[in-house]
Amino acid sequence: MALLAATWVGTASANVAVPMDGPADGPTSLAIFDSNGVMVRTLWEGADKKASKERVEWDLLDDEGRPVKPGAYEYRIAGGKPVRPRYIATLANGRHPQVEGDLGNVEALNLMDVAVDAEGTIFSSGGGHGKAVQKISPDGKVGKAATIVSAVEVVSALALSDEHVFAMGDDGFYRIRKATMEHAPFPDGELVVRFEKAPVFYPPGDQWEKYEALRKEAEESRQSDGSSDPRTHAWRGVMRHPSWHYEADRIRGAAVWNGRLLISDSHHDEVLVYDPKTGKKLSAWTGIKQPSGIAVAGEKEIFVVSDRKVLALDAEGRILREVVAEKLERPNGLAIGPEGNLYVTDLGIPNRVKVFSPTGKLLRTFGREAPFNGKVTPDKLAIPRGIAVDREGNLILAEFGLNRIQKLTAEFKPVWNVQAFYCYLGTNDQADPQRIYGFEGPTFPTIREFLLDYKTGQWQLNRAWYLNKFDDASSIYGYLSQGGGVVAIKGQRFLYVYHKGMRIFRIDDDHLTPVARFGPRISFEKKDGTRADYFRGTAPQFSIWHDLNRDQRVTEDEVSILPDAEAKQRGLQAVSWDANITDDGTVYVGNMAFPLLGVENGIPRYGWDNVKAIPLALPDIRAIGVDDQGNRYYGTAQLDEQGKFPGLTFWAKRIGEQHITKYSPENKRLWQVGRKAYGRVQNGEFSYMTSLDWAGGFVFASDMDGFVNVYTEDGLFLTRMFRGTREGADPGKDPYCITAHELGQARTYRNPKDGKTYLVSQSLESGEHIRVYAIEGLDQVQRARGTFEVSAADLAAVKSRPPTTSKQATSGPQLIAISSVLEPPVVDGSLTTWSRLVTPVVMQTPDGSLSVKIMLRYDEKYLYLGAECVGDDTPAVNSYFPDNPADAWQSDCFNLFINTNPKADRSRIKPTAEDHQIFFPLNRAFARKPLRPYSFRKRAWIGEADYRITVKTGKGWTLTGKIPWSALGDYRPVPNDQIHLNFQVDFGNADGTASIFSLPWGGLEGSFANPSRWNGEGRIYYAR
């Protein structure tokens, strides 16, 4: 190893020579520690250094800007280029698993229907969250998925014509071109045809009446073993909270027949008839009780599931006969095979497929009787709402409960299956890492166990458990992205998951038994007749529940509560964004550590008398890690959900100062590292820290923007792994783009079987996949250290430096001048005619690396807009324009928000008819060509409007445009008037397919939904 000589400089007259063995050429980090092993100053992080003599300066100040004390000090250095991830697998598929060797993904979050055309091509549908209708080849290769339309977010039924896929939801339907999977507007230009009658949501009543009804249903779904079974209420879809009503249960079947689109409306007991070409309603067939699946029987008859029967109807909707009159409990989907047999999905328990002859005789059933929870098999069906049969007689099933599409032979033998899992957390079994676990809370609360072969990357879904979100003991409701795992304690395995409260379950083979809970996410009936309820905000903050009587219910006498006043006096914090249970059974949550008091009757015991707490400087606990010596690592931050902090992304604007701090078991602070990233992320910085783990002597801290910082256990920065979409990475092609949009928990662990370190991650919104990586090169990290003295004389002239504080974003009202013109500026994509009497405004990223200059002008007919961007790495790339203009905001796009009524209420929260959001999509393929802006609220191009763009050499673009005042209402410009407006520029990834970040004028986001967030005024000036 090369010898690196360094000189430590405190003042110009005080030099301290230090010999130092340094790593080889490459990134290194260096920090100074006092004689007690406490870090006092980080000098650099991940800086490229040569293994040669170098002059190193230190001003003898600590990280807080205070002079250090005289005495012995130690430098520590670490570095090299070895640490890197190696991709292994994408479990649960999710949105973006398109990496060689992975299975195809299923886009819809909870599958509702499936259809197959004459060529055997399959189309599936379900809950949206971005995309809801997907194309799948006959051999199970997943193809392109169509984006949702907000009015039909949950596509519960599909129908096929020769050219189109028709997608039905609670409020209406739209259509998609089968060949391209692009939206096909109807002749009037509308994307969605809305139903005349509104859906009937269940349960009825106000918010709390709905809640009480759902709590009752949670009890009804309870099985003899204490678990909940979602099949009890599968009819309604078991879809969504916190709205507290079921969705996606209205439209249960559809078909195109003899040039008409038939839609079963179970809420109103009728079959709706539409013209599939024009979208016009033709008629409604009434008197059909709870119509569901529809299948074409021939030119003269169509079959419809109604109540517990299958009916044959003629072309006018008249009932001809009952084809199947018995042996159905809760029929839903319907298909007809090549030989005329009827295939019905029956959602009774157990879920089954029942096959009937054309005359209604039951021929066979498929679907074994077994609890929903536990082992996953092809024949244990999980709410098969959709069914189709191809020309060869193969069955295709869409299972809501497992988000699984199975292809089976006519004899019900598996051919293939594709599946996905809309989950918020991926984690591992700490003793047996081949078992990977995924957690989903908000829509369909389930925990799933996957088995992973680390050598081949092959995985399989092994077991699944449903936990009703309204069950007091086992509920896992919430965005479970904040800590979890499986730990062996006293010979038994316990699964834990955290979100604003810790839940602990015991794994008993196929059973998952709730045994303990910590924190405010607990509910129970009190002896005085009232209810402690976390939904209502009446649950105690500091509580521990043990299932003492082992009945899997929460009762008041089983809950130990610490009064808030006493908790405050003891300095306890109950809520964090992360939690851990170590192998010795200690629970780490908030700033507290609960040692295990013992395990009685399979229940780990904890108490308030034994809790140990660490006082933390910053209020928000982002992450918690624990090493094998009992040292604790905390990620803490300032948090402001109003977005008052500068930053490049949605999350970065909500968080300020951020640190990772290490504490000894005796609560002694050993070191602190980490900073807030205001612009482009630099080494050791975070946009928005989300989790933290210690594994094998290293600390791994994840960030919402899609990267993981790696440190030594003494706080020296090593590397930043992965690239996020904000940096231009494509999660569909790049397996080292760890997330499609947001990275929650990144769990890092040492595999006891091979001694290697692995990371399992979960991509949140728009990703929904679990990825596993091996972390290589940790054994090649080069280290060096040495000691030196600092004397009182060295410190004589050293003065304190004022501490730096997190910047607050300015959010005061902004003003832009709208100046008049005699000769209109030329709309040609350049600003050459805009220079005179124009006062532009500029918005930019906090580090100034990217900026947009904006100017407005007017005459009696038009409002003129000019904009110039500098610093965009991939300027003017928008894959949504021109085919899907309503989605243009998801990539490079200029937004103008404007209300031309000078008297408009600036504090209005909901948009009015006078409020306009106008898109100017930026697509370099149309540079210098005449374009029309798009009115997002009207879903239409703006007539007589015009804009053009140019792409500048280097990194930028220019836009000029004009909008007729008549398109904005009755207002015509009057000098000295002020009109309410705002601007926002959206920036996408390198191929224009996903949003990375936005620049809003004045720093306030949310203008698309809330005009009170419009932070600007346009003042009309007469300036000729």
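Start at Asp 307, which is partly exposed at 29% relative accessibility. The model you have open is predicted.

**Stop 1: Asp 307 and Lys 289**

Lys 289 sits in the loop between strand 18 (281-286) and strand 19 (291-296). Asp 307 sits in the loop between strand 20 (302-306) and strand 21 (309-313). The pair therefore ties together parts that are 18 residues apart in sequence. Check the surface at Lys 289 as well: this residue is partly exposed, at 47% relative accessibility.

**Stop 2: Glu 449 and Arg 463**

Select Glu 449 and Arg 463. Their side chains meet in a salt bridge, 3.0 Å from N to O. Glu 449 belongs to strand 34 (residues 446-452) and Arg 463 to strand 35 (residues 459-466). The two residues are 14 residues apart. Buried or exposed, Glu 449 and Arg 463? Both are buried.

**Stop 3: a network**

Next, select Glu 212, Arg 215, Asp 472, Glu 525, Arg 531, Asp 533 and Arg 536 together. Salt bridges with shared partners join these residues into one network.

**Stop 4: Glu 45 and Arg 675**

Move to Glu 45 and Arg 675. Here the side chains form a salt bridge at 2.5 Å, N to O. This pair links distant parts of the chain, 630 residues apart. Glu 45 is in strand 4 (residues 39-49), and Arg 675 is in strand 54 (residues 675-676). Colour by accessibility. Glu 45 is buried, with a relative accessible area of 14%. Arg 675 is partly exposed, at 35%.

**Stop 5: Asp 892**

Select Asp 892, in the loop between strand 67 (862-870) and strand 68 (893-899). Asp 892 is buried, yet has no salt bridge. Which side chain of opposite charge is nearest to Asp 892? Arg 924 is, 7.0 Å away.

Now look at Val 877. Its backbone nitrogen lies 3.0 Å from a polar atom of the Asp 892 side chain. Then display the wider surroundings. Leaving aside neighbours within four places in sequence, Asp 892 is in contact with Asp 872, Thr 874, Pro 875, Ala 876, Val 877 and Asn 878, among others. Further contacts under that condition include Pro 921 and Leu 922, along with Asp 986, Phe 987 and Gly 988.

Definitions and conventions:
Residues are numbered from 1 along each chain as its sequence is written. This is a predicted model: local features need pLDDT of at least 70, side-chain atom pairs count only at pLDDT 80 or more; totals for chains, interfaces and linings use all residues. Side-chain values use heavy atoms; hydrogens and water are left out. Helices (H or I, at least four residues) and strands (E, at least two) are DSSP runs, numbered from the N terminus. Buried means under 20% relative accessible area, exposed over 50%, partly exposed in between (1.4 Å probe, protein chains only). Lys and Arg count as positive and Asp and Glu as negative; His and the chain ends are not counted. A salt bridge is a side-chain nitrogen of Lys or Arg within 4 Å of a carboxyl oxygen of Asp or Glu. A polar contact is a pair of N or O atoms within 3.5 Å; within protein, one must be able to donate a hydrogen and the other to accept it, and residues adjacent in sequence count only if both atoms are side-chain atoms. Contact means heavy atoms within 4.5 Å.
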